[in-house]
Amino acid sequence: MVEPTPFILTQYGSLENLEKYCRDMPKIELHAHINGSISPETLQQLVERKKEKKPHLAQFTIPKRKLDVINEFFSIFNVVYQLTDDDESIGYITESVILDFKKDGVQYLELRTTPRSDKNGMMTKESYVGIVLSVIQKFSYSEHGIIVKLILSIDRRNTLEEAMETVNLAIKYKNRGVVGVDLCGDPSKGHIDNVKPAFIEAKKHGLKVTLHFGEIEENIPEHASMLELSPDRLGHATHLDPESKDYISSKNIPVEMCMTSNVLSNTVKNYREHHIRDFLITGYKFCICTDDKGVFFSDLSTEYAIAASTFSLDPKSLFELSFQSIDCIFDNDETKLQLRKIWNDWYSSSKNSLLTNVND
Ligand SMILES: CNc1ncnc2c1ncn2[C@@H]1O[C@H](COP(=O)(O)O)[C@@H](O)[C@H]1O
Ligand SMILES: [Zn+2]
C-alpha cells in the first residue's frame, strides 16, 4: 500500500515520518458516506447492541478483501442497515464517524448520507436527517477544531418521488447544515434521467450538486445528461469520454478521488494506474477523499500517504493538494477564507520540521 520508495525515504526520511506528516497536515474530506465510514470498533459495538434481538448479525464483520466486481460491495449495506435502523444508532454512528475524522486531522468535513425510514414508522426520513444534523451541529471549529456539513444522497434506484422527498428535506434544512445533494448507489442500477428533475429542483434552491460519475464504463452513456445539471463536483470520474474530459477541464469541475475504494472495488486495476495520475499531468482539479473508510479500512491520512508514495509527491505538493481542496467545498466563501488562514498558518508554522526542511 504505502511503499517506502527511494523518493519517499529521501523526502520524508522514513515511512513513519510520511504517515505522521499526513496525519498532522490539516485535511478536508468531501466524499464520505456515513454508513460506509463506520469504524470496525463502532460496528462491533452496534453488533453487541443488536445481537440479542437479531442473533443472525452476531458474527458480522466487514471482510477485508478486493472485490471481483463493484456490485458485490452494495450487499454489505443490507447488513449494515440492519445495525443502523433506529434514530439512536444513526446519532451514534454520526458522532463516532466525525470523531474518527477529527482524530485523523480532518478540519472540514462534508458527510453524506441517504435518508432512510423503517417499516414501523419509528424512524422517518425526516427524523433520520434531524438526528444526523443534531449531532453535526454539536461540533464547532472554536470548540472542536472541525467544521461539519451534510450532503443528502439520492440512490440511483430511487423513484422520482423518493428523490423529491430527499431534495425537499435538503431544501428545508439548507440553512441548518445541509449544503448539497448527491447521486450514489450501485452504478449498474437505475439511470440519472429517472431522478433528474429532483436535481434540477435542488439547483433551483441554491443547493450544490455532486454526482457519482463514470464509476464503471457502462455509465458513459449517462454523462451528457448528468453534465446538463451543471454539477459542482463529480465523484470518481474513473471512466471519461472525450466530451466529459473537455467539460471537466473547461469548467474546472473538481473530482472527488477515492483511490483505495476504486482499487478494492476493482474499478481501477491498481494504485499506479489510478486516474489521479492523469489529473496530476493535466492539472485538472481534484480532492483526495476516502468514500467508505470503514468498509475499505483506509483513513484520509493513509490516502494522502498512498498518493505520495504512488506518485512521488513531496511534502509541499501534498500540502498544496490539501490546500486545493478548500476551493472545492460546498460551504460559503467565508468558510473558505477561514480555512485558507488555518492552512497558511499551519504551513508557515515552524512546528513541522519536514516542511521547514523542504522550504529551506
Ligand atoms: C464504492 N463506491 C460507491 N459508489 C456508489 N455509491 C456508494 C459507494 N459507496 C457507498 N455508496 C452509497 O452509500 C451508501 C451508504 O451510506 P449511507 O447509507 O448513504 O450513509 C450505500 O448504500 C451506497 O448507496
Ligand atoms: Zn461514494
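The shell around ligand 1 comprises four nonpolar, ten polar and four charged residues. The structure is a predicted model. An unreviewed UniProt entry carries the annotation "domain: Adenosine deaminase" for residues 26–340. Over residues 26–340, the chain is 46% helix and 15% strand, with the end C-alpha atoms 11 Å apart.

**Ligand 1 and Asn35**

- Ligand 1 is surrounded by 18 residues, of which the closest are His33, Asn35, Thr113, Thr114 and Cys184.
- Asn35, one of these closest residues, lies in the loop between β1 (27–33) and α3 (40–50).
- Asn35 counts as buried because it has 23 C-beta neighbours inside 10 Å, where the cut-off for burial is 20 or more.
- Beyond its neighbours within four places in sequence, Asn35 is in contact with Phe77, Val80, Tyr81, Thr84 and Thr113.
- Asn35 and Asp24 are separated by eleven residues in sequence and by 26 Å in space, C-alpha to C-alpha.

**Helix α6**

- Helix α6 spans residues 125–136, twelve in number, and reaches 17 Å from its first C-alpha to its last, close to the 16 Å expected at 1.5 Å a residue.
- Its buried residues are Tyr128, Val129, Val132, Val135 and Ile136.
- Viewed down the axis of α6, these buried residues fall within an arc of 130 degrees, so they line one face of the helix.

**Helix α15**

- Helix α15 (residues 300–311) also has twelve residues, and reaches 16 Å between its first and last C-alpha, close to the 16 Å expected at 1.5 Å a residue.
- α15 is mostly covered, as eleven of its twelve residues are buried.
- The buried positions in α15 are Leu300, Ser301, Thr302, Glu303, Tyr304, Ala305, Ile306, Ala307, Ala308, Ser309 and Thr310.
- Just after α15, Ser312 adopts a positive phi of about 50 degrees.

- Most residues other than glycine have a negative phi.
- Ser230, although not a glycine, has a positive phi of about 50 degrees.
- Ser230 is located in the loop between α10 (223–227) and β6 (233–236).
- Ser230 is exposed, because 12 other C-beta atoms lie within 10 Å and a residue with 12 or fewer counts as exposed.
- His236, likewise not a glycine, has a positive phi of about 75 degrees.
- His236 belongs to strand β6.
- His236 counts as buried, with 26 C-beta neighbours inside 10 Å.

**Val268**

- Val268 is located in the loop between α12 (259–264) and α13 (276–282).
- Val268 is buried, because 22 other C-beta atoms lie within 10 Å.
- Leaving out residues up to four places away in sequence, Val268 touches Thr238, Asn262, Val263, Glu273 and His274.
- Val268 and His239 are 29 residues apart in sequence, and their C-alpha atoms are 9.6 Å apart in space.

Notes: Residues are numbered from 1 along each chain as its sequence is written. Chains are lettered from A and ligands numbered from 1 in the order in which they are written. This is a predicted model: local features need pLDDT of at least 70, side-chain atom pairs count only at pLDDT 80 or more; totals for chains, interfaces and linings use all residues. A residue is near a molecule or strand if its C-beta atom, placed from the backbone, lies within 6 Å of it. Ala, Val, Leu, Ile, Met, Phe, Trp, Tyr, Cys and Pro count as nonpolar, Asp, Glu, Lys and Arg as charged, and the others, Gly among them, as polar. Helices (H or I, at least four residues) and strands (E, at least two) are DSSP runs, numbered from the N terminus. The expected span of a helix is 1.5 Å times one less than its number of residues. The arc is that of the directions from the helix axis to the C-beta atoms. Two residues are in contact if their C-beta atoms, placed from the backbone, lie within 7 Å. UniProt positions are given in the numbering used here, feature names are shortened, and annotations may be inferred rather than shown by experiment.
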